[in-house]
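Please keep the structure in view while reading.

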Amino acid sequence: MHQIPDTSVQARFANGFARAIELICPGCNTKAMFEARPWQEHGGQVVATEMSCTRCGRPVLLVQLIDDFNNCKPETLFTYPAPGGRDCMTGVQHLQALSGPLARTYDSAVKLYNHAEWGPTALTVRHLLEGLCARLLPAEKRDLPLPRQLETLPRDIDLTRPLQDISHLMAPDGAFGRQFEDEAAIDKVTAENLLELAEQLIHYLVVLPGELAELKSRIATAPVPLRRGGSVG
Ligand SMILES: [Zn+2]
């Protein structure tokens with residue numbers, strides 16, 4: 001189930017339940033209006049219905065939580081399957097901390113994507129990558145073309161920094177190391193922090209390289225799109 005914002009609802013039935021919703025259709029991948037059938041209550045806590053894309057007819061299940069008075073609870077409208085479109089990445093607050101303008105550019109790219117504006121999305125992403133390189137590289141390299149900037153990035157940024165000091169934490173006198181002396185005294189917060197440390201390490205060392213390799217192989221095997229209006233063969 002995927003939560004969709006109440007602001008996506010364009011029209012409601014007299015009882016307040018959604019009647020028309022604008023979403024990126026998971027079927028035809030364009031921004032489309034969905035029209036809901038009459039809702040049915042289940043167990044006094046939810047109402048459900050089906051709606052279909054006015055462009056391609058793709059049906060989508062719709063579920064809404066209700067309160068004791070049969071009114072919609074705010075921001076509890078869910079669809080299955082998820083609409084097309086993307087949520088902002090997790091950890092976007094770190095991008096915001098690095099640079100407010102970069103975070104806004106990223107936000108614009110996601111919004112454009114969610115409006116099915118593919119060309120403007122791609123241009124904004126390119127602008128984002130240029131801004132990111134310019135922010136991270138030393139001044140004398142900021143005017144290089146983007147491919148050169150990306151090439152030089154691993155040499156100019158200390159990529160080992162996130163991994164430094166972890167050994168100290170695990171050493172016998174480190175913040176975590178000390179705790180292992182008495183396993184029974186380890187509390188939830190310590191277990192949580194340790195698990196998060198392991199997850200971040202796995203993300204950096206295993207997940208990131210794995211996902212980039214997968215992305216590169218998807219790009220390599222993707223069919224080349226035909227140019228609009230161009231001749232074929
Ligand atoms: Zn559709």
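## Domains

In this predicted model, the centres of domain 2 and domain 3, taken over C-alpha atoms, are separated by 26 Å. The domain assignment of the protein chain places domain 1 at residues 2-80, domain 2 at 86-157 and domain 3 at 158-219.

## A pair of helices

Helix α2, which covers residues 100-114, packs with helix α3, residues 118-136, at an angle of about 160 degrees, and their axes are 9 Å apart. Because an angle over 145 degrees counts as roughly antiparallel, α2 is described as roughly antiparallel to α3. The crossing of these two helices, α2 and α3, is left-handed.

On the α2 side, the residues that meet α3 include P101, L102, Y106 and L112, while those on the α3 side include V125, L128, L132 and R135. Sorted by class, the contact of α2 with α3 holds ten nonpolar, six polar and one charged residues.

## Backbone details

Most residues other than glycine have a negative phi, and most peptide bonds are trans. Against that background, Y80 and P81 are joined by a cis peptide bond with omega of about 0 degrees, and P81 sits in the loop between β8 (72-80) and α1 (92-98).

Positive phi values occur at N70, near 65 degrees, and at D165, near 75 degrees. N70 belongs to the loop between β7 (59-66) and β8, and N70 counts as exposed because it has 12 C-beta neighbours inside 10 Å. D165 lies in the loop between α4 (146-156) and α5 (166-170), and D165 is likewise exposed, with 9 other C-beta atoms within 10 Å.

Technical notes
Residues numbered from 1 in each chain as written. Predicted model: local features only at pLDDT ≥ 70, side-chain atom pairs only at ≥ 80, totals over all residues. Domains from an automatic or database assignment. Axes fitted to C-alpha atoms, helices over the stretch in contact; angles between N-to-C directions. Helix = DSSP H or I, 4+ residues; strand = E, 2+ residues; numbered from the N terminus. Parallel < 35°, antiparallel > 145°, perpendicular 65-115°, else oblique. Left-handed = near helix turned anticlockwise from the far one by under 90°. Contact = placed C-beta atoms within 7 Å. Nonpolar A, V, L, I, M, F, W, Y, C, P; charged D, E, K, R; others polar. Buried ≥ 20, exposed ≤ 12 C-beta atoms within 10 Å, placed from the backbone.
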